[in-house]
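Please look over the sequence and the 3D structure shown below before reading on. The briefing that follows takes a residue as its starting point and then turns to other topics.

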Protein chains: 4
Amino acid sequence: MVKVKKITKSILNEVIRKRPANSFKGTYGKIVLIGGSQNFGGAIVMASLAAVYSGAGLVTTVTDPSNQTSLHDWLPEAMFVDWNQFDHAKPIIEAADVIVIGPGLGTDNHAFDLLKAVFQIVKKGQKLIIDGSALTLLASNNLPLPKDSLNILTPHQMEWQRVSGIKIADQTPDANQKAAEQLHAIVVVKSHRTQVYEGTDIFENTGGTPAQATGGMGDTLAGMVGGFTAQFKDTPKAVLAAVYSHSAIADKLAEKQYVVLPHQISESLPKFMHKNQAE
Amino acid sequence: MVKVKKITKSILNEVIRKRPANSFKGTYGKIVLIGGSQNFGGAIVMASLAAVYSGAGLVTTVTDPSNQTSLHDWLPEAMFVDWNQFDHAKPIIEAADVIVIGPGLGTDNHAFDLLKAVFQIVKKGQKLIIDGSALTLLASNNLPLPKDSLNILTPHQMEWQRVSGIKIADQTPDANQKAAEQLHAIVVVKSHRTQVYEGTDIFENTGGTPAQATGGMGDTLAGMVGGFTAQFKDTPKAVLAAVYSHSAIADKLAEKQYVVLPHQISESLPKFMHKNQAE
Amino acid sequence: MVKVKKITKSILNEVIRKRPANSFKGTYGKIVLIGGSQNFGGAIVMASLAAVYSGAGLVTTVTDPSNQTSLHDWLPEAMFVDWNQFDHAKPIIEAADVIVIGPGLGTDNHAFDLLKAVFQIVKKGQKLIIDGSALTLLASNNLPLPKDSLNILTPHQMEWQRVSGIKIADQTPDANQKAAEQLHAIVVVKSHRTQVYEGTDIFENTGGTPAQATGGMGDTLAGMVGGFTAQFKDTPKAVLAAVYSHSAIADKLAEKQYVVLPHQISESLPKFMHKNQAE
Amino acid sequence: MVKVKKITKSILNEVIRKRPANSFKGTYGKIVLIGGSQNFGGAIVMASLAAVYSGAGLVTTVTDPSNQTSLHDWLPEAMFVDWNQFDHAKPIIEAADVIVIGPGLGTDNHAFDLLKAVFQIVKKGQKLIIDGSALTLLASNNLPLPKDSLNILTPHQMEWQRVSGIKIADQTPDANQKAAEQLHAIVVVKSHRTQVYEGTDIFENTGGTPAQATGGMGDTLAGMVGGFTAQFKDTPKAVLAAVYSHSAIADKLAEKQYVVLPHQISESLPKFMHKNQAE
């Protein structure tokens with residue numbers, strides 16, 4: 001049986017490094033986030049907010065045109081692409097270091113077409129984070145993961161059941177680890193104590209609060225995983241640091257709040273990361 | 001003559017419980033809010049804000065499409081459904097724990113059609129909060145309340161006159177209690193000292209300030225009643241706690257403000273509820 | 001020669017009264033603000049913000065439909081009416097205690113039609129505040145002021161030249177007073193030291209800072225005059241209190257800011273008015 | 001070899017003067033900002049925010065109509081013009097003290113047409129700030145700079161390569177100075193240590209932090225250069241003060257933040273400028 005390692009505060013110092021003086025926005029990665037139907041526009045806004053506030057260099061959001069104004073109201077720092085104009089989105093996706101697909105994507109035909117198109121163009125050296133309805137879509141369509149990108153899945157337990165075929169009750173660390181390894185993916189199974197599977201390693205988060213039990217928390221985490229992996233070289237550790245930071249900020253806010261709003265976590269990132277960076 | 005019980009701070013500890021560690025967003029309820037015409041979009045935004053900030057697990061807002069961006073600017077955490085697409089709204093309403101209908105709904109034919117459609121599909125186990133123009137519509141059309149849902153009405157005194165037929169001058173606790181009992185509904189009659197009628201019980205709030213005398217206060221209360229009844233099992237007590245919290249937060253803000261803005265009450269909820277929760 | 005009286009802090013206590021416990025939103029007046037073309041939408045948003053934050057009971061904004069979302073993003077508390085639907089606006093204007101017309105109204109034909117339509121329906125007991133391009137329009141078209149409403153004009157010096165025919169260099173207190181008296185209007189001539197003309201009285205403000213020299217200050221003042229006259233019985237004194245409060249808040253903010261943004265004045269009103277109310 | 005002078009805190013006191021009591025918004029300049037395609041709307045919002053918060057008297061933003069609401073959500077203080085209506089924009093540009101063109105402008109035909117049209121109408125006494133994609137457009141089309149306006153270019157190093165033909169590796173102070181002098185322009189070459197070229201003078205900034213390495217920083221600087229040159233008479237010094245203030249605010253924020261958001265710099269300007277003004 002594989003040993004489950006704890007994700008603790010020490011991961012922050014290993015990952016979040018003082019920025020070198022002579023760096024520029026390209027140093028911190030290009031990230032594209034794809035999602036946000038007319039019904040779920042808030043999800044992609046929250047994911048994009050997390051990506052920008054965690055320090056990604058350049059952020060582009062590919063979404064339904066009805067979300068353009070909401071995006072810029074929260075985040076003038078993000079660029080916008082209409083998800084009906086794939087010709088326009090394609091070169092931006094191809095040039096990205098990190099692609100996040102799924103927050104508020106929905107499960108209709110257009111969403112599935114987008115998912116397939118992205119899967120076809122991602123390539124070696126790119127990190128692909130698959131979240132939310134993108135996971136449901138790939139499970140229900142038996143869509144294989146892209147071969148060349150480094151794939152990171154961020155399901156909650158029900159989505160993980162769909163993707164892995166393992167029922168929630170049977171989602172033991174061992175079973176999950178084997179399924180993740182077969183997928184050649186880093187898998188973040190979100191729950192009360194989120195677990196991360198990477199190769200033969202299993203990690204379990206030590207933070208998290210029931211004040212986080214509200215819509216949008218997962219979208220925020222997906223955006224943070226994007227922002228962290230865009231900036232920090234060691235991708236598995238960057239994922240662990242994103243998972244830990246998400247819950248640690250929530251734990252801190254929950255000392256004074258009955259419920260923590262997802263956007264508050266993003267807005268807390270710049271100060272949290274400053275405090276916890278290594279020299 | 002029925003005794004009028006005071007609603008005091010003690011209701012908060014009875015209702016607002018420390019959240020169990022192993023809970024998730026489903027634990028805190030699904031809530032759908034329906035309202036917000038092109039003219040009154042701010043009302044449904046304010047009600048939705050109150051629902052999310054009081055801690056409801058998943059919030060969907062069914063409104064005029066012209067309000068989509070305003071909703072997400074205030075609240076990326078809420079999902080959006082165009083109220084012209086009832087096919088899309090229907091399964092979400094059917095799966096909800098709580099439905100709030102009325103804030104900014106308006107009184108035109110489309111509004112009335114929506115109200116009737118909602119009344120037809122609500123069922124046992126669901127809580128239905130009827131507010132604002134929905135009350136005017138049901139009164140003017142003699143629309144009977146749904147039989148199976150737990151119905152909560154939140155009229156101001158003039159709306160209560162329309163619904164109950166009791167003129168404002170004649171709205172004594174006894175008269176109101178009888179009318180509420182006949183309706184088999186929990187009735188919240190909003191005024192300087194808001195009263196709550198539930199079966200044979202009559203409750204009167206002890207808080208409230210003239211700084212609250214501004215448009216949108218009622219919409220915020222309706223959203224809070226939604227958020228509280230979605231999370232807390234004992235529905236009558238949850239209503240009392242929402243009423244008390246609404247006025248207690250306003251009283252606190254009014255110690256420093258000549259007028260209290262409704263959205264400030266919602267934004268104060270997470271800290272207020274944290275302070276007043278029972279272990 | 002008429003004596004110029006100083007507007008000082010003592011006006012606040014005369015006007016801003018502690019609100020009676022048993023009051024409701026109707027107690028604090030219904031106000032309609034009309035303005036905001038596609039180009040100048042921010043102006044009517046700023047005026048509306050000032051009206052709501054000064055404590056008006058019910059605020060409706062009649063504006064270009066392209067401003068609907070901006071209005072609700074700043075102010076879910078305000079109701080919205082498309083200014084192309086005058087049938088819809090008319091009964092709301094007729095039922096209002098105060099009408100503000102002009103902020104961002106523009107000077108095209110549609111704007112002039114609106115101005116004429118409003119002038120035709122206002123009646124005794126209503127207060128009509130005429131600001132910005134509405135003043136330019138009435139001057140260039142020799143449109144007479146309505147006979148029955150209590151009219152309040154809020155020109156800057158160039159607008160006052162257009163309306164009164166008095167060149168800026170000749171705008172002495174005496175000349176201005178005579179012109180204002182002939183118009184049977186309260187006139188607020190905005191400048192470094194704003195003056196207010198009411199009948200035979202001349203008042204000069206004692207506050208104001210060059211940090212206020214930025215677009216939108218006048219729109220905010222017009223909204224405040226609306227909010228104050230909606231709530232406080234003595235209209236001339238309410239105007240003086242609005243003028244004084246506007247500059248006193250700016251003076252306070254300018255102790256720490258090189259420039260004061262108009263929306264900051266509005267957001268400071270609830271606390272400022274609380275501090276300066278009479279018991 | 002020309003000596004490189006350091007840009008230090010002392011520039012602030014030379015430029016930012018206590019405002020004279022008897023001044024008005026015209027005193028602080030009219031500024032027009034042109035940019036913001038559908039994809040890059042946030043850029044022109046951020047530039048406009050910087051212009052208003054640095055104290056420009058009157059700000060008009062000429063942009064894609066899809067950005068109208070985002071602009072007013074951040075900035076009701078700015079006026080809006082649809083960039084497809086050049087007839088409407090033209091007199092406003094002609095009357096401006098300062099024109100900023102480029103933030104989020106894009107490089108399509110419409111953008112190029114706008115750039116050419118602006119170059120044709122600017123005239124003596126006006127300051128023209130050319131930023132972002134406007135620089136790419138003029139380089140790729142060999143468009144000569146306007147003869148009569150005072151031109152200020154704000155390229156990053158790659159844009160400067162395009163404009164000057166000097167490869168990044170060869171961008172020595174001497175080479176840059178000669179190229180800038182030939183262009184008869186003030187050139188701000190943005191990098192880790194931003195340099196300013198003006199005639200035979202070379203200046204190098206002493207502030208700046210890697211926390212600024214995020215999209216939108218340049219747009220904010222362009223807006224600040226606009227705001228400072230609109231208000232302060234000595235244009236070269238106003239440019240230096242804008243460059244220094246931008247980095248000094250970022251340095252201060254970076255004492256507590258891992259990443260600094262561009263809009264935070266703008267929002268910090270009123271207090272920063274107050275602290276650093278000369279009596």
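G35(D) is placed in the loop that runs between strand 2 (30-34) and helix 2 (41-53) of chain D, where helices (H or I, at least four residues) and strands (E, at least two) are DSSP runs numbered from the N terminus. This is a predicted model, in which local features need pLDDT of at least 70 and side-chain atom pairs count only at pLDDT 80 or more, while totals for chains, interfaces and linings use all residues; side-chain values use heavy atoms, with hydrogens and water left out. Residues are numbered from 1 along each chain as its sequence is written, and chains are lettered from A and ligands numbered from 1 in the order in which they are written.

**Surroundings of single residues**

- With a relative accessible area of 0%, G35(D) is buried, a word that stands for under 20% relative accessible area, whereas exposed stands for over 50% and partly exposed for what lies in between (1.4 Å probe, protein chains only).
- Once residues up to four places away in sequence are set aside, G35(D) touches I44(D), V62(D), T63(D), D64(D), W83(D), P103(D), G104(D) and L105(D), contact being heavy atoms within 4.5 Å.
- Between G35(D) and D131(D) there are 9.6 Å in space, C-alpha to C-alpha, although the two are 96 residues apart in sequence.
- T60(B) belongs to strand 3 (residues 58-63) of chain B, and its relative accessible area of 7% makes T60(B) buried.
- Apart from its neighbours within four places in sequence, T60(B) is in contact with I31(B), V32(B), L33(B), M79(B), V81(B) and I92(B).
- L253(D) is found in helix 10 (residues 235-254) of chain D, and, with residues up to four places away in sequence not counted, L253(D) touches V260(D), Q264(D), I265(D) and S268(D).
- From L253(D) to H72(D) the separation is 181 residues in sequence and 26 Å in space, C-alpha to C-alpha.

**Positive phi values**

- Most residues other than glycine have a negative phi.
- N142(C), a residue other than glycine, has a positive phi near 50°, and N142(C) sits in the loop between helix 6 and strand 7 (150-154) of chain C.
- The relative accessibility of N142(C) is 68%, so N142(C) counts as exposed.
- In chain D, N142(D) likewise has a positive phi near 50°; N142(D) lies in the loop between helix 6 (133-140) and strand 7 (150-154) of chain D, and is exposed at a relative accessible area of 68%.

**Helix packing**

- In chain C, the axes of helix 6 (residues 133-140) and helix 7 (residues 157-164) come within 8 Å and cross at roughly 25°, where axes are lines fitted to C-alpha atoms, for helices over the stretch in contact, and angles run from 0 to 180 degrees between N-to-C directions.
- Helix 6 of chain C and helix 7 of chain C are therefore roughly parallel to each other, since angles under 35 degrees count as roughly parallel, over 145 as roughly antiparallel, 65 to 115 as roughly perpendicular and the rest as oblique.
- On the side of helix 6 of chain C, the contact is made by S133(C), L135(C), T136(C), L138(C) and A139(C), and on the side of helix 7 of chain C by E159(C), R162(C) and V163(C).
- In chain A, helix 9 (residues 217-231) packs against helix 10 (residues 235-254) at an angle of about 140°, with the axes 8 Å apart, and the two helices of chain A are therefore oblique to each other.
- Among the residues of helix 9 of chain A that meet helix 10 of chain A are M217(A), L221(A) and F228(A), and the residues they meet include A238(A), A242(A) and H246(A).

**Contacts between chains**

- The size of an interface is often given as the accessible area lost when the parts come together.
- Chain D contributes 35 residues and chain C 29 residues to their contact, and the area buried between them is about 2,700 Å², of which carbon and sulfur atoms give 55%; buried area is the accessible area (1.4 Å probe) that two parts lose on being put together, summed over both.
- R19(D), P76(D) and E77(D) are the residues of chain D that lose the most area to chain C, together 23% of what that side buries.
- For the other pair, 35 residues of chain B are in contact with 29 residues of chain A, and chain B and chain A bury about 2,700 Å² between them, with 54% of it on carbon and sulfur atoms.
- R19(B), P76(B) and E77(B) supply 23% of the area that chain B buries against chain A, more than any other three residues.
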